[in-house]
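Colleague: I would like to learn how to read the computed features of a model. Could we go through one together?

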Amino acid sequence: MSAVAIVAAAVSAGEAARELRWVELGFVGLLSGCALTALALLGTWRGGGR
């Protein structure tokens, strides 16, 4: 395996890991955003019902 092939493999692996990390962060951000929205709606609903 030449040095160029090793570098190319490392770069492609790094790009794949970076994309996966962004997908995970986006999914976690989406879930926490939904949870915060649900808590805010529940708080206003309970506050208005009193």
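The dialogue below goes from the whole chain to single residues.

Modeller: This is a predicted model, in which local features need pLDDT of at least 70, side-chain atom pairs count only at pLDDT 80 or more, and totals for chains, interfaces and linings use all residues. Residues are numbered from 1 along each chain as its sequence is written, and side-chain values use heavy atoms, with hydrogens and water left out.

Colleague: What radius of gyration does the protein chain have?

Modeller: The radius is taken over C-alpha atoms, and the globule rule is 2.2 Å times the number of residues to the power 0.38. A compact globule of 50 residues would have a value near 10 Å, whereas the protein chain has 22 Å. Along the principal axes, the C-alpha atoms fill a box of roughly 70 × 5 × 5 Å.

Colleague: Which residues make the nonpolar surface patch?

Modeller: Like charges are joined within 9 Å, and nonpolar side chains (Val, Leu, Ile, Met, Phe, Trp, Tyr) within 5 Å. Accessible areas come from the Shrake-Rupley method with a 1.4 Å probe; for residues, only the protein chains shown count as cover. Here Leu 36, Leu 39, Leu 42 and Trp 45 make a patch of about 500 Å².

Colleague: Is Arg 46 buried or exposed?

Modeller: Buried means under 20% relative accessible area, exposed over 50%, and partly exposed in between (1.4 Å probe, protein chains only). Arg 46 is exposed at 58%, while Leu 42 is partly exposed at 40%. Buried residues make up 0% of the 50 residues.

Conventions
Patches are made of residues with over 30% relative accessible area and no salt bridge: like charges are joined within 9 Å, nonpolar side chains (Val, Leu, Ile, Met, Phe, Trp, Tyr) within 5 Å. A salt bridge is a side-chain nitrogen of Lys or Arg within 4 Å of a carboxyl oxygen of Asp or Glu.
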